[in-house]
Amino acid sequence: MNFRRPDRYHSGLLKTIALIWLSVLLPAIAGASQPSPRRVITDDNFPPFLYRNDDGAVIGYLVDYWKLWEGKTGVPVILTATRW
């Protein structure tokens, strides 16, 4: 077998691939410790998905859905229900 040393093109290509991977992975690793919250804005009168109870608290399927999503992904959600 004839082993040869990689030329400049191949070593440059490997360095480029390594830099691309680092540029993708490092922000993901750094952001994994403290994800920024996602803001969800919706109408407050869409029963049974989202509506206000007698006390004015927002309840419904979408509230439960976003809490489940928050628990599964670890990304906090700010749910804002407003009148359109």
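## A first look at the strands and helices

Two bridges join strand β3 (residues 50–52) to β4, and this couple runs antiparallel. Strands count as paired if DSSP finds at least two bridges between them. This is a predicted model, in which local features need pLDDT of at least 70 and side-chain atom pairs need pLDDT 80 or more, while totals for chains, interfaces and linings use all residues. Residues are numbered from 1 along each chain as its sequence is written, and side-chain values use heavy atoms, with hydrogens and water left out.

### The overall plan

The protein chain has two helices and five strands. These are DSSP runs numbered from the N terminus (helices: H or I, at least four residues; strands: E, at least two).

Among the 84 residues of the protein chain, 11% count as buried. Here buried means under 20% relative accessible area, exposed means over 50%, and partly exposed lies in between (1.4 Å probe, protein chains only). The accessible surface of the protein chain comes to about 7,400 Å², with 62% of it belonging to carbon and sulfur atoms. Areas like this come from the Shrake-Rupley method with a 1.4 Å probe; for residues, only the protein chains shown count as cover.

Contacts (heavy atoms within 4.5 Å) also tell you how the chain comes together. Of those in the protein chain with a separation of 6 or more, 54% are between residues 24 or more positions apart.

### The sheet and its surroundings

Strand β3 belongs to an open sheet of three strands, in the order β2-β3-β4 and with antiparallel pairing. Its edges are β2 (45–46) and β4 (58–59); each has a single partner strand, so one side of each is left without a neighbour in the sheet. Across the sheet, Y51 stands opposite I59 in β4.

The loop between β2 and β3 holds P48. A cis peptide bond, with omega about 0°, joins P47 and P48. For context, most peptide bonds are trans.

The structure has one salt bridge, a term for a side-chain nitrogen of Lys or Arg within 4 Å of a carboxyl oxygen of Asp or Glu. The side chains of D44 and R52 form it, at 2.9 Å from N to O. D44 is buried, whereas R52 is partly exposed.

T42 sits in strand β1 (residues 38–43). Setting aside neighbours within four places in sequence, T42 contacts L50, L79, T80, A81, T82 and W84. T42 counts as buried.

Where do the rings meet? The structure holds four aromatic pairs. One of them is Y65 with W66, edge-to-face at 5.2 Å centre to centre and 75° between the planes. Another is W66 with W69, also edge-to-face, at 5.5 Å centre to centre and 75° between the planes. Rings of Phe, Tyr and Trp (its six-membered ring) pair if their centres lie within 6.5 Å; planes under 30 degrees apart are stacked, over 60 edge-to-face, and the rest tilted.

W66 and W69 both lie in helix α2, three residues apart, which is about one turn of the helix. Helix α2 (residues 61–73) also includes Y61. Ring pairs link Y61 with F46 and F49 into a cluster. Not counting residues up to four places away in sequence, Y61 touches P48 and F49. Y61 and Y51 are 10 residues apart in sequence, and their C-alpha atoms lie 9.3 Å apart in space.

### A nonpolar patch

On the surface, L14, I17, I20, W21, V24 and L25 form a nonpolar patch, with about 610 Å² of accessible area together. Patches take residues with over 30% relative accessible area and no salt bridge, joining like charges within 9 Å and nonpolar side chains (Val, Leu, Ile, Met, Phe, Trp, Tyr) within 5 Å. One member, I17, has its place in helix α1 (residues 8–33).

### Accessibility at a glance

| Residue | Relative accessible area | Class |
|---|---|---|
| D44 | D44: 9% | buried |
| T42 | T42: 18% | buried |
| W69 | W69: 28% | partly exposed |
| R52 | R52: 36% | partly exposed |
| I17 | I17: 40% | partly exposed |
| Y65 | Y65: 43% | partly exposed |
| Y61 | Y61: 54% | exposed |
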